[in-house]
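Please look over the sequence and the structure shown below.

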Amino acid sequence: MPRFPGPPKFDDKYEERQYLKGRLAAAFRIFGKYGFDEGVAGHITLRDPVDPTTFWVNPFGVAFSLIKVSDLIQVDHKGQTIAGGPVKLLNAAAFMIHSAIHEARPDVLCAAHSHSIYGRSFCTLGRTLDIITQDACSFHNDHVLYESFNGIVLAEKEGKDIAACLGNRKAALLQNHGLLTVGQSIEAAVFWFMSLEKCCHAQLLADAAAGGRGGTTAKIGEEEAAYTYKTIGTPLAGWFSAKPLFDVIHHETAGDYLK
């Protein structure tokens, strides 16, 4: 079999930073394309490879579908914008959630959160996903429910509580709020978010259809789910699964996001 591809490797951390900022800008274009924006809500962060105590994020109030590399802002551990584009506004909730995750999870390069329609709908149910489809196996024993809603996350404690609840998993369902995913690559975090959104959609439809017939959905067994997870739920699988999304957005925008 041919060797499976993987993320590029860099000797120069500044070259790596520039490449990753391009991927982050592309990630926002993907979120915009699929309607994951809701006014000014939502954020994706990238741990800076040069100074890992800082991260890059979207400026508050700039549309996902317009974001370029030159728009991204760099934020330190105190929540101060220390570099970046012309709009220096930082979403306080983005800092509280993402700074806590990046601090608690050194393995996480990227974290993504937005108020997508099916994810936030599912998050009103106060439960985790049932493993009812092959795609849901990516989240088998690898997602949690954060069972609290205290309004917009503006307190440091709640950000730390979310990070603690997430633990070492790839995704969290934030009750009455929305989806949160993390990854060892930008691509993985983006793909897990998109896949989790679709899994929420699929379960909402399946539960409604089964309930309408007075029945329940058929669940995938523990052994089968664990076996499938080993193929489609790994960090490399997340990176590779997102590659077509990034290729398409580059083609559709002619690389405009790289400016």
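## The largest pocket

Among the elements around the largest pocket, α1 (13-33) and α5 each supply at least two residues of the lining, and the largest share, four residues, comes from α1; helices here are DSSP runs (H or I, at least four residues) numbered from the N terminus. This is a predicted model, in which local features need pLDDT of at least 70 and side-chain atom pairs count only at pLDDT 80 or more, while totals for chains, interfaces and linings use all residues. Residues are numbered from 1 along each chain as its sequence is written, and side-chain values use heavy atoms, with hydrogens and water left out.

The largest pocket holds about 340 Å³ of space and is lined by 18 residues, with Pro7, Pro8, Glu16, Leu109 and Gln184 nearest its centre. A pocket is an open set of points on a 1 Å grid over the protein atoms alone, with protein on both sides within 12 Å along at least five of seven lines, and lining residues have an atom within 4 Å of a point. The lining divides into ten nonpolar, two polar and six charged residues, where Ala, Val, Leu, Ile, Met, Phe, Trp, Tyr, Cys and Pro count as nonpolar, Asp, Glu, Lys and Arg as charged, and the others, Gly among them, as polar.

## The cavity

A search of the whole structure finds one cavity of 30 Å³ or more, a cavity being a set of grid points where a 1.4 Å probe fits but cannot get out. The largest cavity has a volume of about 40 Å³, volume being the space filled by probe spheres set on the points, which are joined across faces, edges and corners. Eleven residues line the largest cavity, and Tyr146, Ser148, Glu158, Leu174 and His177 are the closest to its centre.

## Helices packing against α7

Helix α5 (residues 186-212) packs against helix α7 (residues 235-253) at an angle of about 80 degrees, with their axes 7 Å apart; axes are lines fitted to C-alpha atoms over the stretch in contact, and angles run from 0 to 180 degrees between N-to-C directions. The two helices are therefore roughly perpendicular, a term for angles of 65 to 115 degrees. Their contact (heavy atoms within 4.5 Å) includes Phe191 and Trp192 of α5 and Trp239 and Phe246 of α7.

The axes of α1 and α7 come within 10 Å and cross at roughly 85 degrees, which makes this pair roughly perpendicular as well. The residues of the contact of α1 with α7 divide into seven nonpolar, one polar and four charged.

Conventions:
Parallel < 35°, antiparallel > 145°, perpendicular 65-115°, else oblique.
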